[in-house]
Amino acid sequence: MRPRRLGSPLTVLSAVATAAALALGPAGPATADTHRPAPARRTAAAHDLTSVTDLLAQRLLLADKVAAAKYGTDTPIDDPVREAQILDDVRARAVGLGLDPDAVAAVFRDQIEANKLVQRGLYGRWDANPDERPTERPDLAKEVRPALDRITTGLLAALRDTARARAVPSCGPHLAGAAGWSAYTHRLDVLHLRGLGRALPSVCAGSR
């Protein structure tokens, strides 16, 4: 699914700034002009954290397919049983990676809520604009969930590899920079930027 375009390079950069602000506060790709200015150069720490934020962005983009699979059916956006299974799974896998299972579960709980935020936004968009409704229904079991599972594996590894960067007091601003970079490179639109902001609060170890 191809999310709505942002109107201009200025809009893209404003959205990137919004993601950074959301990352520091509580708690679909858009095609833009190829000549738009790039965000500020990443610091080394921000670069490390992009391994996390890139996966968060990819997971949010899959929310479009999840929404398209459910829209117009009896399948609800909220799926407590599936959500509990995901959290139980990542807790168990976190132990094997030497990570705090509660901290990892908090990160993934935020991903679930971010995904649902995007789904609800898409439902509202499609209800208001029937011509934008999806024309294909992806297969949740065969297409979408395997992709989500691959991102889960990658995100667990990224959380392990960035444990030190996520534990320092400067994690917040570095995470904001990484989020802005990932938003830019994945061309997230405003809805997905809101989702990215919702996905970030538990990434820094000191934020919990």
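The buried residues of helix 5 are L140, V144, A147, L148, I151, T152, L155, L156, A158 and L159. Buried means under 20% relative accessible area, exposed over 50%, and partly exposed in between (1.4 Å probe, protein chains only). Helices are DSSP runs of H or I with at least four residues, numbered from the N terminus. An α-helix has 3.6 residues a turn, so residues three or four places apart point the same way. The model is predicted; local features need pLDDT of at least 70 and side-chain atom pairs pLDDT 80 or more, whereas totals for chains, interfaces and linings use all residues. Residues are numbered from 1 along each chain as its sequence is written, and side-chain values use heavy atoms, with hydrogens and water left out.

Helix 5 covers residues 140–161. Its 22 residues should span 32 Å at 1.5 Å a residue, and the end C-alpha atoms are 30 Å apart, which agrees. The expected span is 1.5 Å times one less than the number of residues. At the start of helix 5, a side-chain oxygen of D139 comes to within 3.0 Å of the backbone nitrogen of A141.

The salt bridges come next. Side chains of opposite charge can pair when their charged atoms come close. A salt bridge is a side-chain nitrogen of Lys or Arg within 4 Å of a carboxyl oxygen of Asp or Glu. The count by this rule is 12. D78 and R120 form one, at 3.0 Å from N to O. D78 lies in the loop between helix 2 and helix 3 and R120 in helix 4, so the pair ties together parts that are 42 residues apart in sequence. D78 is partly exposed at 35% relative accessibility, as is R120 at 41%. A network of salt bridges links D78, E83, E113, K116 and R120.

R82 forms a salt bridge with D149, with the closest N and O atoms 3.9 Å apart. This pair links helix 3 and helix 5, its members being 67 residues apart. R82 counts as partly exposed at 22% relative accessibility, and D149 does so at 42%. D102 and R91 also meet in a salt bridge (2.4 Å, N to O). Here D102 belongs to helix 4 and R91 to helix 3, 11 residues apart.

Notes: Helices (H or I, at least four residues) and strands (E, at least two) are DSSP runs, numbered from the N terminus. A polar contact is a pair of N or O atoms within 3.5 Å; within protein, one must be able to donate a hydrogen and the other to accept it, and residues adjacent in sequence count only if both atoms are side-chain atoms.
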